[in-house]
Amino acid sequence: MHEYTSRARVWGLSCPGFPEEVSRARRWTRDILRGSPLAEDAELIVSELSANAIQHTASGQAYGSFHLAVAVSAQVVAVSVTDDGGTGTAPKIEHQDQDAEHGRGLGMVSVIAHRVVVHDSDHGHTVTAELYADARLGGHPC
């Protein structure tokens with residue numbers, strides 16, 4: 001990513017709902033954000049959101065898939081993962097005890113990202129995490 005990007009660019013990737021696809025999504029994100037100081041955080045977020053889609057929704061079932069989008073501008077990197085739904089509730093951020101073995105993923109994402117938004121639709125859920133190049137944009141201390 002070039003630091004003087006003048007307009008937003010968006011990339012998309014669709015993956016079958018297999019666990020090994022999480023590493024593919026991570027590599028793809030790393031390649032797009034090569035050279036960006038936000039690359040490692042975005043890669044970690046993509047890994048967590050992709051794994052959640054496979055483990056907790058119809059994305060991980062036969063013929064399931066998940067979809068990844070990365071949007072980059074000079075001010076923001078936004079990563080979104082859309083799952084196939086199939087659950088009665090949308091993903092929610094829970095801040096679990098640090099010793100908890102489950103349920104910490106979105107809480108961790110919300111600590112790394114400056115903003116996390118969950119969109120619910122008839123076809124699935126989209127979780128978008130935004131990372132700001134200038135932390136003051138989000139009022140979130142780094």
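**Helix packing and burial in a predicted model**

At 85% relative accessibility, Y63 counts as exposed, where exposed means over 50% relative accessible area, buried under 20% and partly exposed in between (1.4 Å probe, protein chains only). The model is predicted, so local features need pLDDT of at least 70 and side-chain atom pairs count only at pLDDT 80 or more, while totals for chains, interfaces and linings use all residues. Residues are numbered from 1 along each chain as its sequence is written, and side-chain values use heavy atoms, with hydrogens and water left out.

Y63 lies in the loop between α2 and β2 (65-72). Although Y63 is not a glycine, its phi is positive, at about 65 degrees. Most residues other than glycine have a negative phi.

The protein contains three helices and five strands, arranged along the sequence in the pattern β-α-α-β-β-α-β-β. Helices (H or I, at least four residues) and strands (E, at least two) are DSSP runs, numbered from the N terminus. Of the 142 residues of the protein, 42% count as buried. Among contacts (heavy atoms within 4.5 Å) in the protein with a separation of 6 or more, 61% are accounted for by residues 24 or more positions apart.

Two packed helices are described by the angle between their axes and the distance between the axes. Axes are lines fitted to C-alpha atoms, for helices over the stretch in contact, and angles run from 0 to 180 degrees between N-to-C directions. Helix α1 (residues 21-32) packs on α2 at an angle of about 155 degrees, with the axes 9 Å apart. The two helices α1 and α2 are therefore roughly antiparallel to each other, a term for angles over 145 degrees, with those under 35 counted as roughly parallel, 65 to 115 as roughly perpendicular and the rest as oblique.

E43, in helix α2, counts as buried at 13% relative accessibility. Apart from neighbours within four places in sequence, E43 is in contact with R26, T29 and R30. The C-alpha atoms of E43 and V79, 36 residues apart along the chain, are separated by 9.1 Å.

Helix α2 (residues 39-56) also packs with helix α3 (residues 105-112), at an angle of about 160 degrees and with the axes 10 Å apart. That makes α2 roughly antiparallel to α3. Here the crossing is left-handed. D41, L44, I45, E48, L49 and N52 in α2 meet G105, L106, M108, V109 and I112 in α3, and the residues of this contact divide into seven nonpolar, two polar and two charged.

Helix α3 is largely enclosed by the rest of the structure, because six of its eight residues are buried. The buried residues are G105, L106, G107, V109, S110 and I112. Their cover includes α2, β4 (115-121) and β5 (124-132).

Notes: A crossing is left-handed if the near helix is turned anticlockwise from the far one by less than a right angle, and right-handed if clockwise. Ala, Val, Leu, Ile, Met, Phe, Trp, Tyr, Cys and Pro count as nonpolar, Asp, Glu, Lys and Arg as charged, and the others, Gly among them, as polar.
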